[in-house]
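Here's a quick tour of a few local features. Have the sequence and the 3D view open as you read.

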Amino acid sequence: MGAAGVSDEYSPPRLARLLHALPHINVTLHRVNDTFAPNSPIYLESLGILGSIPGAWLILTLTVLLIYLLTRCCDRKQRPPRSITALKITLMILSVLCCGAIGVGLFGNDDLHNAMLQSIQAGNQLAALVNTVKNQSSILEEAMGSRARAPLARLADALDAPVANQTALGTLLRALSALRNNASAAVSAADNLRRPLAALNLDVFMKRLWVWEAARWAGGMAGWCCGGAVCVALLAAAARRSRRALLLLCVCALGALVACWAAGAALAAGAVAAADACQDPARALALHAPHGLPVDMVHYYLSCKVSRENVLTAELRNAQRAVVAVRQALAVLSRGAPQLFNDPGLQPALGALGAGTGEAERALVSLSGALECRMARAYFVAAARAACDGGLQALSLQLLAAIVAGFLFTAIVLVDSHAWIYINPKRSVSGEEQAPFLSTGSAGSRTLPRPAPFPNGKPPSYSAAVQLMDLADRDRERERPRSRMSGSATLGRAAGAAPALGALGGALGGSHTLGRAPHNGKYATLSKQCKTLESNDFY
């Protein structure tokens, strides 16, 4: 009898057939057998070649990035602000897309976890069946063995008493012998039922599988969350125009790129291997699972194809025949012995044998249901469907997310390194600073122009500066009305003498007052303005 609401039919999902159809080739590029065989070096070699495709792409990507950085790291050509804004927008778009890919990977990891939990639950039901067989076999062996030994001895002692009716005594002795022999046969059959399953401990295996799955789920969530954190941090760095954070996150994105392609290689090999196993999961478990049972027995219960009688079923029938014979012999003894013998210990012995026989019959009923192959087949199909349908889809979803995230991280590293190379602040030959990262080119960081070098390398003297300022004022006075003349001209009005005065201020070091020149007080503020130009000269 199958489990309620669960069909015993199983067929490989479409995705499993699609992945199984991928060519399995060896190093000589010849196709090999694609049947699931994890113990075969040739099969493992074919899986390694399929998994090496993302690894080869990773090597190619790293090579391209290295060549790009080597060819562009010495480029000092400035870029216009519009190209900087384009880099900012591109980096933000790639970061958002990367967050989406990471989200798909998180969903696939959680979906795979749910599918594995369903499979583990069905495996626990199989473990319960195995435990039922073990427990009921032990009950049968105890009821027909150790617990029946003392009542049989008391019954034999009661039948040793002399009686007149030897014919009836012979019938009772033959019934006692049959009871002993059949009880021994039932004990032997119960031992044969329990012994093959003694080394199989599905409870421990399922607990280990649950722990492994919990660790895999936690590791997968941590990995995908780290990738998502890198994407979000890149988005924040682009929005805040942080150069140092951009450089640090570029390195993190490079590490995420390597992790994505490495995970893609492992997921590709795992997905193909799972698809191969899902073509015939009963055969795969019977041949390659560490169960320690005969292959025919495992295949019989998982596939439920009755090609020949199962050894456990044969032993169950032997136990049933023995217990039936025990019940018949006990019935003969219960009718005849009280009539021939007046022993007070006879009735308790017969009662104990009757109770033990009834317990053995109930154990056989439980064994009949537990050893039915359709029950085990139903639980196995539920586990196989959860793993091969939902689990394989989630695994493939993670593979797709890892590949897409790998491409996006590649683009992010290219754009990020491009931005860092061209927008990182550098000082030009003349000493002026470039625009900050992702600046819009607006006024906010202006610097005063440096004075041109003097012909002889020395600043002019004070008298020469005064003469230059006097000539400049005279030229301006010819152009402007006399009503705008003031009694104290400043250095700001002598634009042509600014380079000379700036150098003069630098030569004096900003600590000497020039004094009042003989020009009717017109240059009284010369020292103050020299200090002003000198201080501006350091910004």
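## A nonpolar patch

Which residues make a nonpolar surface patch of about 370 Å²? Trp57, Leu60, Val64 and Phe407 do. Patch members have over 30% relative accessible area and no salt bridge, with nonpolar side chains (Val, Leu, Ile, Met, Phe, Trp, Tyr) joined within 5 Å. Areas come from the Shrake-Rupley method with a 1.4 Å probe, and for residues only the protein chains shown count as cover.

Helix α2 (residues 41-72) brings the largest share of the patch, 3 residues, and Val64 sits in this helix. Val64 is partly exposed at 45% relative accessible area; buried would be under 20% and exposed over 50%.

This is a predicted model, so local features need pLDDT of at least 70 and side-chain atom pairs 80 or more, while totals for chains, interfaces and linings use all residues. Numbering runs from 1 along each chain as its sequence is written, and side-chain values use heavy atoms, leaving out hydrogens and water.

## A buried lysine

Lys134, in helix α3 (residues 81-144), is buried but has no salt bridge (a Lys or Arg side-chain nitrogen within 4 Å of an Asp or Glu carboxyl oxygen). The nearest side chain of opposite charge is Asp203, 7.2 Å away. Leaving aside residues up to four places away in sequence, Lys134 touches Arg194, Leu197, Ala198, Leu200 and Asn201, with contact meaning heavy atoms within 4.5 Å.

## Aromatic rings

Trp57 and Phe407 turn up again, forming one aromatic cluster with Trp261. Rings of Phe, Tyr and Trp (its six-membered ring) pair if their centres lie within 6.5 Å; planes under 30 degrees apart are stacked, over 60 edge-to-face, the rest tilted. That gives 5 aromatic pairs. Tyr300 and Tyr301 have ring centres 5.0 Å apart and planes at 85 degrees, so they're edge-to-face. Both Tyr300 and Tyr301 are buried.

How values were computed. Patches are made of residues with over 30% relative accessible area and no salt bridge: like charges are joined within 9 Å, nonpolar side chains (Val, Leu, Ile, Met, Phe, Trp, Tyr) within 5 Å. Helices (H or I, at least four residues) and strands (E, at least two) are DSSP runs, numbered from the N terminus. Buried means under 20% relative accessible area, exposed over 50%, partly exposed in between (1.4 Å probe, protein chains only). Lys and Arg count as positive and Asp and Glu as negative; His and the chain ends are not counted.
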